[in-house]
Amino acid sequence: MNTLDYVVLFCLLLGIAAYGTWRTRGPRDLRGYLKGDGQTRWFVIGLSVMATQASATTFLSIPGQGYMDGLGFVQNYFGAPFALIIIAAVFLPLYRKLNVYTAYEFLGRRFDGKTRLLGAALFLLQRGIGAGLTIYAPAIVLSTVFGWQLDLTIICSGLVVVVYTVSGGSEAVTLTQKYQLGVIFAGMAAAFFILLAKLPSGLAFSDVLAIAGGFHKLQAVNFSTNVHERYTVWSGLFGGMFLALSYFGTDQSQVQRYISGASLRESRLGLMFNAVCKIPMQFFILLLGVLIFVFYQFEQPPVLFNQVAWQSLTRHVPADKIQSLEARFTVAHAEEKHQLEVWLDARKSDDASAAAAAFAAASTAHAADESVRQEATQTLQSAAPQTSANENDYVFITFILHYLPHGVIGLLVAAFFAAALSSKAGELNALGSATTVDFYRHIFKAEGTDAHYVAASRWFTAFWGVTAILVALFANLSENLIQAANILGSVFYGAPLGLFLIAFFLKWISGSAAFWGTLAAQVLVLALYFLLPKDYISYLWYNLIGSVVCVLLAAAIQAMIGPRSPEAAPTVTP
Amino acid sequence: MKSVPPDDETGLPGLRSWASVYWFVTTVFVVVVGLLAMLTGMYS
């Protein structure tokens with residue numbers, strides 16, 4: 001990065017943060033601080049929901065996922081449209097009717113105080129860790145690539161978001177998210193079109209797809225019923241629906257975004273905007289990774305994209321072994337490139353048999369350079385097991401650094417940080433709200449003034465901001481970033497979703513049965529995750545398992561303790 | 001000043017009820033997955 005990149009980066013990030021702080025300055029009541037001005041229209045709600053979900057991992061790690069594994073990851077989002085429909089039709093009207101600040105306030109009205117606290121506590125635990133991950137994600141990759149100090153990167157980016165979130169509350173979060181998403185889309189679009197322009201001349205888009213397809217990168221849907229496979233239509237549709245239902249419907253960081261709409265109509269349309277756009281957006285981010293893969297068939301990539309891993313390898317392994325790896329990789333890649341050029345010529349001259357032979361030779365050469373990569377990774381893991389060999393997170397940033405012009409590099413790095421800040425702002429806002437409304441006001445001080453609760457909310461938001469920074473400072477991930485975020489969500493979302501499903505649909509189940517059913521289901525999911533071998537069950541299934549077990553256990557407990565008394569009947573009904 | 005439709009109206013041309021909006025979203029989903037399946041079939 002040069003001076004121009006740093007100017008673009010700091011102007012965009014600090015400019016948006018400063019503008020958000022300035023526009024939302026001044027005193028406000030608790031409603032204004034936690035829900036905004038109540039005038040938010042559907043498009044802004046839609047962008048805010050999108051910006052809260054799409055963290056830096058979405059834009060940094062998913063192109064790498066596309067590069068390595070192709071389009072299959074898009075299936076993870078297949079359940080999202082249906083989850084959003086259920087939320088718009090059932091959850092949202094009740095949240096708005098009860099005029100709640102948090103989703104857990106609804107649990108208190110439907111069940112009792114302890115069940116409300118359990119829902120809120122699970123959210124704080126999961127989201128408190130998640131907020132740390134949100135800020136850790138771009139910091140670890142970008143500090144590694146640019147040689148920045150990791151601690152300083154985490155602290156500086158963390159403090160920027162704390163300042164405007166604490167100052168302006170929900171309104172500042174929504175306002176800044178709108179502009180941050182603009183930066184993100186501008187950056188991703190720039191990368192996409194520059195990448196297309198940098199593909200070899202004479203390579204039509206149909207050729208690009210043929211190459212990607214030939215290397216199995218375009219397998220977007222997989223109808224396999226094998227539960228051990230991570231990405232299938234079924235795990236995405238059912239597991240993904242439960243994950244999305246839990247995340248969008250019961251996670252306060254999302255609920256807070258859409259209950260602040262000017263009307264039920266605006267909130268609903270904001271959700272439907274996401275229901276329509278989510279899968280295409282993820283598809284294009286993955287496709288970007290696939291295009292980078294095709295690009296690197298004609299331009300030699302490094303043996304390992306993760307340069308920290310590569311440097312660690314060079315320190316731990318004799319120089320002649322490193323030279324051998326590099327030489328074999330270069331030869332294999334040159335052969336692959338040559339064969340693809342032969343394939344392209346044969347394809348243009350309609351010589352099908354020559355084209356097939358050339359592509360087969362290119363595939364063999366590709367397998368050879370992949371085996372060099374695997375050998376390098378395995379050598380690293382045995383020589384320096386403490387060094388992360390994760391490649392996915394470094395693919396896109398490596399391409400950006402080597403092939404995008406200055407200025408655009410700054411724009412892309414700003415986009416990654418904008419994604420992290422927008423996501424973290426939504427999370428901190430929600431963590432502060434839940435702590436204030438569900439714990440502080442509910443347990444410690446029920447009769448405070450609005451000004452008192454706004455001050456408390458500011459302090460709690462700042463507390464969670466600092467906690468997230470501390471979590472990020474001590475984080476150490478073995479998974480790639482997007483996987484880690486989804487695994488964390490899947491492990492902690494199933495049981496709370498079961499709790500909300502009981503609240504919405506099973507009126508005969510009381511608070512005590514729901515409370516113990518949720519607690520037991522959460523313990524079971526944690527036990528399965530930690531005791532079963534890795535990938536024994538695709539992590540998306542934990543959403544389904546947690547929800548179903550929660551509902552079944554609560555129903556069984558209710559059956560054992562007998563029907564609920566009439567006075568304990570729900571005070572709210574859908 | 002434009003009047004805001006009441007909550008039970010969608011305000012969308014051609015999609016007057018919320019049920020029709022949800023069907024529209026479902027149709028878009030089916031079309032998108034169909035296109036992805038075609039892409040998978042064509043290039044695998």
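Me: Where in chain A is confidence lowest, and where is it highest?
Reply: This is a predicted model. In chain A, helix α20 (residues 481-505) has the lowest confidence, with a mean of 81. Helix α13 (residues 264-298) has the highest, at 94.

Me: And what does chain A average?
Reply: The average pLDDT of chain A is 87. At least 70 is reached by 96% of the residues.

Me: OK, domains. How is chain A divided?
Reply: Domain 1 covers 3-17 + 42-296 + 401-481. Domain 2 is 307-389.

Me: How many residues does each domain put into the contact?
Reply: Domain 1 of chain A gives seven residues, and domain 2 of chain A gives seven residues.

Me: Which helix gives the most on the domain 1 side?
Reply: Helix α10 (residues 205-214) of chain A, with three residues. By class, the domain 1 side that touches domain 2 has three nonpolar, three polar and one charged.

Me: What separates the domain centres?
Reply: 34 Å, taken over C-alpha atoms.

Me: Switching to A:V8. Where is it found?
Reply: A:V8 sits in helix α1 (residues 3-23) of chain A.

Me: Why does A:V8 count as buried?
Reply: Because A:V8 has 22 C-beta neighbours inside 10 Å, and the cut-off for buried is 20 or more.

Me: What does A:V8 touch, leaving out residues up to four places away in sequence?
Reply: A:G407, A:G410, A:L411 and A:A414. The C-alpha atoms of A:V8 and A:H406 are separated by 9.7 Å, though these two are 398 residues apart along the chain.

Me: Last one, chain B. How many residues are in contact with chain A?
Reply: 19 residues of chain B contact 22 residues of chain A. The chain B side has 14 nonpolar, four polar and one charged residues.

Technical notes:
Residues are numbered from 1 along each chain as its sequence is written. Chains are lettered from A and ligands numbered from 1 in the order in which they are written. This is a predicted model: local features need pLDDT of at least 70, side-chain atom pairs count only at pLDDT 80 or more; totals for chains, interfaces and linings use all residues. Two residues are in contact if their C-beta atoms, placed from the backbone, lie within 7 Å. Ala, Val, Leu, Ile, Met, Phe, Trp, Tyr, Cys and Pro count as nonpolar, Asp, Glu, Lys and Arg as charged, and the others, Gly among them, as polar. Domain bounds come from an automatic or database domain assignment. Helices (H or I, at least four residues) and strands (E, at least two) are DSSP runs, numbered from the N terminus. pLDDT is the predictor's confidence in each residue, from 0 to 100. A residue is buried if 20 or more other C-beta atoms lie within 10 Å of its own, exposed if 12 or fewer, and partly exposed in between; C-beta atoms are placed from the backbone.
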